[in-house]
Amino acid sequence: MLCTCVALDLDMANNRVFWCDRFYRKIYSAFIHDASDPSQQVPLVDSSLQTPVGLALDWLQHNLYWTDSGDKSISVASVDGTKRRVLINTDLSEPRAIALDPHHGFMYWSDWGTRAKIEKAGMNGVDRQVLVANNIEWPNGITLDVANRRLYWVDSKLHHIASVDLNGAHRRTHISSAETLGHPYALAVFEDRIYWTDRDRAAVFVANRLTGQEVHMLAENLNDPHDIVVFHQLRQPRGQDSCNLGSVANGGCEYLCLKAPQITEHSPKYTCTCPDGQGDAVLHLTTAASSTEELATSLSALRTASSNESKESDYRSTASAVVVSTTPAGDSSVSQHCECLFLAISLCVVKIIIFLSFARIPIVATVVFGLVCTGVYLVWRNWRTNSTKSMNFDNPVYRKTTGEGEEDEIHIGRTDADSADDNHLRPAGVSDSFDSFSFTAP
């Protein structure tokens, strides 16, 4: 049965192999040592597949991703095939290979259609962008060098192997030769080696990925080799399952839980999705309320429902009440949709709370600063008043010349009687005016 296998991937930890069968239009799984036994081959996805041509396993969140050139789509399913969802079905011409980076939440795929290109998007289908669109014709195979953060591809028409970093920059051509690369179809990178299949030569080759030299044939006389995968534990580094970090299984999602792209440290870890045809917009709600206008709109709606109270705790309880009230009892289909909606509303509420807190910071800071300045001024004025001491007295010479009345004066000079009794002689030259020195009471 494996003669019609066109794409495969491995689960190193569980020793399983997954593959797409183009003839039966199904995706199968089996233990590696039992893969050749048809009785041990388990069909995972066996409906609504037209021409599956690319397959990749998310070994951390345990989901399968594949490309279908028949209906021009990229889809995802749980590893047991019970839940599935179409992620991308627009602007695809001939999607072919697909590769995943579960640690950072991105998927990469090639399209050899009318406008050949290599694209990138989050593993939840958002943040789509083109990485390579120039000097590319038939990018049949792609692979990731996770350790060095680069993407490699083979171009069957241009007969070369090239690579870029995971942002589409720093492009490099490793091998370019029609003689060496007849019709390369798939490739794999491990350590300092590049491995690829060649359908014209029905063989598998290897070369030094750093120099492009040391080309050797590993196997020949194969029956139309398509995909190739390196089996090694380092190819699938261990990491956290973002959908099962807490005590709630599957991230609390009632359907699929998909890794979200980790663009910044504040990016959501995962996204809950609903089945095809149910809540299409729910898939993208992890990025909702990202602009000021959307935050303001959400804030206005919450203010209307919160009986004119402005505390963040009130907003949170109001939003929760809205979600609960929209879930009719006993209606499982509506409950499933609302579970997805609840997560979206929770994210919006968190963002609104942050928005409100930052909006109040300038006002509170201004009031506090004004009070502090006022207090400092009052303390300083009181200290200056208490620490300044002065004594006011009249100049006796000035008072004699002006001839002011002396009825309000207190004389502290000596009388004639006191002078007669004075046993001490007054030094010569001291004026008598000293006797009439007076102190005016304040």
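**Exercise 1. A turn between two strands**

In the hairpin of β17 and β18, which residue takes a positive phi, and how many residues lie between the strands?

*Solution.* A word before we start: the model is predicted.

Step 1. Find the strands: β17 covers residues 184–190, and β18 covers residues 193–198.

Step 2. Look at the pairing. β17 and β18 run antiparallel and are joined by five bridges.

Step 3. Turn to the connection. The hairpin has two residues between its strands, and glutamate 191 is the residue with a positive phi, near 55°.

**Exercise 2. The other side of β18**

*Solution.* 

Step 1. Tryptophan 196 has phenylalanine 205 of β19 opposite it.

Step 2. These two strands also make a hairpin, with four residues between them. In that turn, alanine 202 has a positive phi of about 50°.

**Exercise 3. Sorting out the disulfides**

How many disulfides does the structure hold, and which pattern do they follow?

*Solution.* 

Step 1. There are two disulfides.

Step 2. One of them joins cysteine 243 and cysteine 257, with 1.9 Å between the sulfur atoms. Cysteine 243 belongs to the loop between β20 (216–219) and β21 (256–259), whereas cysteine 257 is in strand β21, so the bond ties together parts that are 14 residues apart in sequence. The S-S torsion of this pair is about -90°, so the disulfide is left-handed. Cysteine 243 and cysteine 257 are buried.

Step 3. Another links cysteine 253 and cysteine 272, whose sulfur atoms are 1.7 Å apart. Cysteine 253 is in the loop between β20 and β21 and cysteine 272 is in strand β22 (residues 270–273), so parts 19 residues apart in sequence are tied together. This link is left-handed too, with -65° about the S-S bond, and both of its cysteines are buried.

Step 4. Count the bonded cysteines along the chain and the pattern reads 1-3, 2-4.

Step 5. Cysteine 5 is in no disulfide, and the nearest cysteine sulfur, that of cysteine 20, is 7.4 Å away. Its relative accessibility of 16% is why cysteine 5 counts as buried. Cysteine 373, at 37%, counts as partly exposed.

**Exercise 4. An open sheet and a glutamine**

In which order do the strands of the four-stranded open sheet stand, and which strands are at its edges?

*Solution.* 

Step 1. The order is β1-β2-β3-β4, with antiparallel pairing.

Step 2. The edges are β1 (5–11) and β4; each has a single partner strand, so one side of each has no neighbour in the sheet.

Step 3. From one strand to the next, the twist averages 30°.

Step 4. Zoom in on β1 and β2 (residues 16–21), an antiparallel pair with six bridges. Here alanine 7 stands opposite cysteine 20 in β2.

Step 5. Finish in the loop between β3 (26–31) and β4 (42–45), where glutamine 41 lies. Glutamine 41 has a relative accessible area of 8%, so this residue is buried. Its side chain reaches the backbone oxygen of alanine 35 at 2.6 Å.

Key
Residues are numbered from 1 along each chain as its sequence is written. This is a predicted model: local features need pLDDT of at least 70, side-chain atom pairs count only at pLDDT 80 or more; totals for chains, interfaces and linings use all residues. Side-chain values use heavy atoms; hydrogens and water are left out. A disulfide is a pair of cysteine sulfur atoms within 2.5 Å. Buried means under 20% relative accessible area, exposed over 50%, partly exposed in between (1.4 Å probe, protein chains only). A polar contact is a pair of N or O atoms within 3.5 Å; within protein, one must be able to donate a hydrogen and the other to accept it, and residues adjacent in sequence count only if both atoms are side-chain atoms. Two strands pair if DSSP finds at least two bridges between them. Axes are lines fitted to C-alpha atoms, for helices over the stretch in contact, and angles run from 0 to 180 degrees between N-to-C directions.
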